[in-house]
Amino acid sequence: MLLQTSRPYIFLGLINSSRQAAYYDLAFPTNIAGDRRLGEATGEMTRKPKRKLPATPARPYSSLEPYHGHASPTPAQCLAVHDALLAFHGFPDEFAPFRLLRLGLSPEDERDLPTPRPTVLDGLVTTLLSQNTTDAISRRAFASFKAAFPSWDQVVDEVGNGLEDAIRCGGLAATKAARIRAMLRGVKEKRGAICLEYLRELSVDEVKRELSQFKGIGPKTVACVLMFYLQKDDFPVDTHVLRITKAIGWVPSIATREKAYIHLNSKIPDDLKFDLNCLFVTHGKLCQSCTRKLGAQKTKGANAVCPLASYCFSEEIIQE
């Protein structure tokens, strides 16, 4: 069964297991996950007796906070859930190239990771194409798009339905084509060239203002670009994240995606946002127990005991 998601993936390769230990040493510095190291072959962890709470607090959202009386999640709760999911899944291979970029390492320098560093514009278009479809289909749509239009100017200048035809396999082709072309034209009119690399020098709030002016680019799309392609500390809320955070009591059961985004970004420490987001998405896709509890169709196969089972559907707040 295909699982629908709107997560952006531009890296298609997997990390070789023989290199995983080195990547994980870089991926989990002590201020994020203590002295954890993952095994080379199995991805299992060695736990130190003491853990430190994340050092970097979340960005202040106090003036926007929709749930002032909702204390969860605390930094300790975030760390506990992070540890539980990491022990269960390991760090997802599909997100590891993005982590390398966050650490200042470029995947093109790694022989096992031949895909070049994505541009911000590549990331934005990838994220737009990933809306309302599966990861595999959105990757095919992006590859077809780039093959048909090697340069951005060709998209702007094209007359006809070439762009729509190129991305048709990704669904909603007419809508997505119109939004992509309008966005590219807007960038060219404002900047003189179709390039968004200048966003790397802006703050999170400035990036939000820049991207939100384009039709069809909402908070979730902007948050994905911030976290994956600009290496900023932000916490996108997709279907998986919203369902799981409701189930473990991090947001009220009536929370909307927009309000959950504000609340979670105000509560989750910056040092844990990337890790937790990747782990929540992975867990939402793979955990049969959670998909059943959260109302999704039952999938085939057996699952180990869900590491979040003790948190789900309980009125109690996770204890520090």
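Helices (H or I, at least four residues) and strands (E, at least two) are DSSP runs, numbered from the N terminus. The model is predicted: local features need pLDDT of at least 70, side-chain atom pairs count only at pLDDT 80 or more, and totals for chains, interfaces and linings use all residues. Residues are numbered from 1 along each chain as its sequence is written, and side-chain values use heavy atoms, with hydrogens and water left out.

**Figure 1. Overview of the protein, with 15 helices and two strands.** Of the 320 residues, 52% count as buried; buried means under 20% relative accessible area, exposed over 50%, and partly exposed in between (1.4 Å probe, protein chains only). The accessible surface comes to about 15000 Å², and carbon and sulfur atoms account for 52% of this area (Shrake-Rupley method with a 1.4 Å probe; for residues, only the protein chains shown count as cover). Among contacts (heavy atoms within 4.5 Å) between residues at least 6 apart in sequence, 71% join residues at least 24 apart.

**Figure 2. The largest nonpolar core, made of 75 residues.** A nonpolar core is a set of buried Ala, Val, Leu, Ile, Met, Phe, Trp, Tyr and Cys residues joined through side-chain atoms within 4.5 Å. Met183, Phe280 and Leu308 have the most contacts inside this core. Helix H11 gives the most to this core, with eight residues. Leaving aside neighbours within four places in sequence, Leu308 touches Val81, Leu85, Ile244, Ile248, Phe280 and His283. In soluble globular proteins, nonpolar side chains tend to be buried together.

**Figure 3. The crossing of helices H12 and H14.** The two axes come within 8 Å and cross at roughly 90°. On the H12 side the contact is made by His240, Val241, Ile244 and Thr245, and on the H14 side by Asn277, Phe280, Val281, His283, Gly284 and Lys285. Axes are lines fitted to C-alpha atoms, for helices over the stretch in contact, and angles run from 0 to 180 degrees between N-to-C directions. H12 and H14 are therefore roughly perpendicular to each other (65 to 115 degrees; under 35 counts as roughly parallel, over 145 as roughly antiparallel and the rest as oblique).

**Figure 4. Helix H13, residues 257-267, and its packing partners.** Ala260, Tyr261, His263, Leu264, Asn265 and Ser266 of H13 are buried. The buried residues of this helix pack against helix H10 (204-212), H11, H12 and helix H14 (270-286).

**Figure 5. The loop between strand E2 (45-46) and helix H3 (75-89).** Pro73 lies in this loop, and the peptide bond joining Ser72 to Pro73 is cis, with omega about 0°. Leu64 is found in the loop between E2 and H3 as well. Leu64 counts as exposed because its relative accessibility is 53%. Leu64 and Ile262 are 198 residues apart in sequence but 7.1 Å apart in space, C-alpha to C-alpha.

**Figure 6. Positive phi at Asn132 and at Gln231.** Asn132, which is not a glycine, has a phi of about 60° and sits in the loop between helix H5 (120-129) and helix H6 (135-148). Asn132 counts as exposed, at 58% relative accessibility. Gln231 has a phi near 55° and is placed in the loop between helix H11 (219-229) and helix H12 (239-247). Gln231 counts as buried because its relative accessibility is 19%.

**Figure 7. Cysteines Cys169 and Cys224.** The structure holds zero disulfides (pairs of cysteine sulfur atoms within 2.5 Å). Cys169 is partly exposed, at 40% relative accessibility, whereas Cys224 is buried, at 1%.
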